[in-house]
Amino acid sequence: MADWELIGNARPLAALAAGVANGSPVHSYIFAGPERVGKGAAALLLAAALNCPNADPPCRACEVCRRIAEAKHADVQTVTVEVVTDDGPARKAISVEQMRDVEASVMLAPYEGRTRVVIIDPADQMSSGAQNAFLKTLEEPPPHVVFVLVTSDAERLLETVRSRCRRIEFGLVAAAEIEAGLLARDVDASKAAVLARLSAGKPGWALEAAASPALLERRGEALDAARALTSLSIADRMDLAEKLSDQFKRDRAPVDATLEQWLGWWRDVLLAASDAADSVANLDRREAIAEDARRYQRSEVVAFVEALRQTRQYLRENVQSRIALDALMLRVPGLTPVSAR
C-alpha cells in the first residue's frame, strides 16, 4: 500500500498522491512553506512514488524506496549550496555551474528507475544567474525528469521560474499533531509533549531533537546565551558579533540556528510580559521566562524580537554578516526595575 504519511500537512501530500495515482504529476513543483515542516521529506516521498516498482507507490519498504530515503539512488539528485572544505570563503548560493551540471545530467535516461528527480533545496539560494541558467531546462524539460524546488521564501525565485512550476503549500503543524507523531514513533510521552511545544510547529526539528541529545544540549546553550546577552558589555557584545560573523562565513546553518533559538527565547519573554505565558514554547524554562518578563521593558523586548527577525532575513539576503550582527547587538534589551514597567 502507498505510504505518504508524514507528521502533518496531509492536504499537500494528498494532492501529490493523487497526481501520481492519476498518472498526472507535473514536471516541476515548488514546495513552499516554513523551514522543517516536511518539504524535503515530501520531495523524497514524491521521488520514491515516481520510481517505486510496486502497484501502489510509494511502499517505503522496497529496495528502491529505501535507497531513495538514504540518498543512494542514482536517479534522485539533490542540489544545495556546496560546502567548502578548505579555507576558502563559504559559498553563499547555488551556482551557475551547479545548474549547468543539472542541465547535462537530466539529458541522460534514468539509470536504475523510471524517472529522474532533481530536488533543489533550498531553491531560494539559487543565484539569479543560476536561476536564469535553469530556465532553459525548466521550459523544455525532458519527459523523464521531475524537478522539485524546495523553499521557505518562494518570492526570492524569479517570476519566470515560479510561473513554470506547480506550487504546493506546506504549513506549520499543530503541537498536538506533532506530539501524536512522536508518540507513534515511540518517543517517551513527557518528552514528546515538551518537544512538540518547543518545535514551534516544525516536526522536522522535533524528530531530530528526539533522536539527538546533542541537539537539545545545543539548544540549552543557545538559550543560556540568549539570557546572558543583557549582562554583556558593549565591547563583549561586539566581540560576540565578530565571532558569530566569522562562523557564519564558514558555515551559515549553526549561526541561523542560534539566532532562531534566541528569537524563540525572547518571543517567550514577550508572551509572558503580555499575560500569555500559557503559550510559551520553552515549557521547561517557564520560571526563567517569567523572571525575564519582569526585568525588561516590554517595548524593548518587542524591538529586539523584531531585530532578531530582521537579522535572520538580512543574513539570508547576503547583507554583510558583521554589519548585521553588530546592529543586532545594539538592540539587546537593558535591565529595567520592576516598578518602571
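Me: Which residues point one way from β3 and which the other way, and are they buried or exposed?
Reply: In this predicted model, R116, V118 and I120 point one way from β3, V117 and I119 point the other way, and all are buried. Buried means under 20% relative accessible area, exposed means over 50%, and partly exposed lies in between (1.4 Å probe, protein chains only). The model is predicted, so local features need pLDDT of at least 70 and side-chain atom pairs count only at pLDDT 80 or more, while totals for chains, interfaces and linings use all residues. Residues are numbered from 1 along each chain as its sequence is written, and side-chain values use heavy atoms, with hydrogens and water left out.

Me: What makes strand β3 mostly covered?
Reply: Of the 5 residues in β3 (residues 116-120), 5 are buried. Strands are DSSP runs of E with at least two residues, helices are runs of H or I with at least four, and both are numbered from the N terminus.

Me: How do you know that β2 and β3 pair, and in which sense?
Reply: Two strands pair if DSSP finds at least two bridges between them. Strand β2 (residues 76-79) and β3 have 4 bridges, in the parallel sense. Within β3, V117 stands opposite V76.

Me: Over how many bridges do β3 and β4 pair?
Reply: β3 and β4 pair over 5 bridges, in the parallel sense. I119 has V148 in β4 as its bridge partner.

Me: Why is the unit of β3, α5 and β4 called right-handed?
Reply: A crossover is right-handed if, with the strands pointing away from the viewer, the path from the first strand over the helix to the second runs clockwise. β3, α5 and β4 make a β-α-β unit of this right-handed kind.

Me: Why is the pair of F31 and F170 called tilted?
Reply: Rings of Phe, Tyr and Trp (its six-membered ring) pair if their centres lie within 6.5 Å; planes under 30 degrees apart count as stacked, over 60 as edge-to-face and the rest as tilted. For F31 and F170 the values are 5.3 Å centre to centre and 50° between the planes, hence a tilted pair. F31 lies in strand β1 (residues 28-32) and F170 in the loop between β5 (166-169) and α7 (175-184), so the pair ties together parts 139 residues apart in sequence.

Me: Why does F31 count as buried?
Reply: The relative accessibility of F31 is 0%, so F31 counts as buried. F170 is likewise buried, with a relative accessible area of 5%.

Me: What makes the pair of F134 and F147 edge-to-face?
Reply: Their planes are 80° apart and their centres 5.1 Å apart, as an edge-to-face pair requires. Both F134 and F147 are buried.
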